[in-house]
Amino acid sequence: LFLMIRRPPRSTQGVSSAASDVYKRQAWYPTSLKGYKQVTNYDALAVSLEEAQKFNITVWIGLNDNSDWWELSASDEEWLINEFEIGKQIIEDVWRKYGAKYGSAIAGFYPVFEVDNLAFSKKEHQQRMARVYKDIVDFTHKLTSKPVMIAPYFDEFFLGPIMNAKEFAQMWADIVTVAAIDIIALQDGIG
């Protein structure tokens, strides 16, 4: 769970993760999702949102994380669709629990799976990502009117068949033609 709390001169944003790991079926709040267990003895998300509201901070809600992403990503369409369906369930669960009271503190939603220039060189995988992004963005906009942010990763030092910067840019141009992603926060590959 990440949240930056400070007294800002104007609205500041932080990031919070609503579900820590789908594989472990854990959540940081009292979720209604079947089979998930809250890993804290208090509602960490409500505390974060309450503090954010108090200090005029907006919080991006990180969705489900699953360590299988690094092996499967878009190569397994059934797995990918299921993960994004879980993300939609988290959005709905979080919005129904906190939207009315803390909606002004929720900046938007953040599907945490990082699309990179190594695992997504196949057009078929890119098209799968465009479809699941479209689905989750449309769902989020309709339910909450909040934006969706993603954080793809570009690394020029990957070994093996990779997309160069021009190909990576074209992939994203193709994806955003299909999916109206609100914010693309490109990671720099230094970390």
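Reader: What makes strands E4 and E5 a pair, and in which sense do they run, parallel or antiparallel?

Author: This is a predicted model, in which local features need pLDDT of at least 70 and side-chain atom pairs count only at pLDDT 80 or more, while totals for chains, interfaces and linings use all residues. Residues are numbered from 1 along each chain as its sequence is written, and side-chain values use heavy atoms, without hydrogens and water. Strands pair if DSSP finds at least two bridges between them; E4 (residues 57-62) and E5 have four, in the parallel sense, so they are called a pair. Within this pairing, Val59 stands opposite Ile106 of E5.

Reader: Why is strand E5 called largely enclosed?

Author: Buried means under 20% relative accessible area (1.4 Å probe, protein chains only). Five of the five residues of E5 (residues 106-110) are buried, so the strand is largely enclosed by the rest of the structure.

Reader: How many cavities of 30 Å³ or more are there, and what lines the largest cavity?

Author: A cavity is a set of points on a 1 Å grid over the protein atoms alone where a 1.4 Å probe fits but cannot get out; lining residues have an atom within 4 Å of a point. There is one cavity of 30 Å³ or more, and the largest holds about 40 Å³ of space. Its lining includes Leu63, Phe84 and Ile136, and helix H3 (residues 77-102) gives the most to this lining, with three residues.

Notes
Buried means under 20% relative accessible area, exposed over 50%, partly exposed in between (1.4 Å probe, protein chains only). Helices (H or I, at least four residues) and strands (E, at least two) are DSSP runs, numbered from the N terminus. On a 1 Å grid over the protein atoms alone, a cavity is a set of points where a 1.4 Å probe fits but cannot get out, and a pocket is an open set with protein on both sides within 12 Å along at least five of seven lines; lining residues have an atom within 4 Å of a point. Grid points are joined across faces, edges and corners, and a volume is the space filled by probe spheres set on the points.
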